[in-house]
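This report describes selected local features of one protein model. Please keep the sequence and the structure in view while reading.

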Amino acid sequence: MPGPVHARGSSAASGPRRTDRGRADVARVPPAGDGLDRDRLLQVLDAVAEGPGLARLLPAVVALLEDAAGGDACLICLRDDDRLTVRAASPAFAESVDRIAFGLHEGTAGHVVRRDEAVVVGGDADADERPPVVPGLRESRFASTAAVPLRGRTGLVIGVLVVHAEAPRAFGPQALVLLEQVAALVGGPVENARLHDGELRRVVALDRLAALVRRIATVPGRGELGAAACDGTVELLGADRCRLHLVDLADGATRVVAQAGTAAGAARP
């Protein structure tokens, strides 16, 4: 499969335009008439309205990309520091959602974040320039890939929209324009949805912590205290197992005085 063509303010086949400083030009998203028609713009608005959480917003964006971009599969990767995680995808990548995470040096999505520009794979570039494959993601079964950065309100890249096609050279300049427009319209809502989900997690954690404190305050004895602490810690942290060790001050030895866990945690030694 041919290597990537970096598209920023140019056609997918011609590669990036370069400034005198050797950097790709940063182009504004083209006007809606060049890619998104009225019906697709309404689809974007419908997808955004599915919020406020990622669980509803991202699948709606996937459905939009499947319909509008003309590919055979797509996925959305979101960034956490120097890692990307597949957070939503077409059925072809369904097993990867929330299971596959990879570094910025891997895959087309990592390439997009590092270069901070859109990429088309399946053009006329040298095959040696292809981004390294992400283990387990099975992107190599597709001959063509188009990927664009997803930006937050400050302009920082918070994720990547990726569309795949089985046919070679499936994505031309118009498809790339459409993807960039979709990314520009949904980037802010995706960032807001992540903040919303984060706040919900914090509220749930605080509620669980308060419940643990109340439970510990009412236990009658030392044995019950250890059990309550372990049970509460497993629930609070979402852990598989918790053990409470006490140190014997006489000889420095430790022993387990209480433990709790899930079935998965119990299965491990």
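## A buried glutamate

Glu191 is part of helix H4, which spans residues 173–218; helices are DSSP runs (H or I) of at least four residues and strands (E) of at least two, numbered from the N terminus. The model is predicted, so local features need pLDDT of at least 70 and side-chain atom pairs pLDDT 80 or more, whereas totals for chains, interfaces and linings use all residues. Residues are numbered from 1 along each chain as its sequence is written, and side-chain values use heavy atoms, without hydrogens and water.

Glu191 counts as buried because its relative accessibility is 17%, and buried means under 20% relative accessible area with a 1.4 Å probe, protein chains only (exposed: over 50%). Leaving aside residues up to four places away in sequence, Glu191 touches Gly152, Arg153 and Ile158; contact means heavy atoms within 4.5 Å. A polar atom of the Glu191 side chain lies 2.8 Å from the backbone nitrogen of Arg153.

## Two aspartates with positive phi

Most residues other than glycine have a negative phi. Asp81, although not a glycine, has a positive phi of about 60 degrees. Asp81 is found in the loop between strand E2 (73–80) and strand E3 (83–89). Because its relative accessibility is 68%, Asp81 counts as exposed.

Asp98 also has a positive phi, of about 60 degrees, and is not a glycine. Asp98 is placed in the loop between E3 and strand E4 (101–103).

Notes
A polar contact is a pair of N or O atoms within 3.5 Å; within protein, one must be able to donate a hydrogen and the other to accept it, and residues adjacent in sequence count only if both atoms are side-chain atoms.
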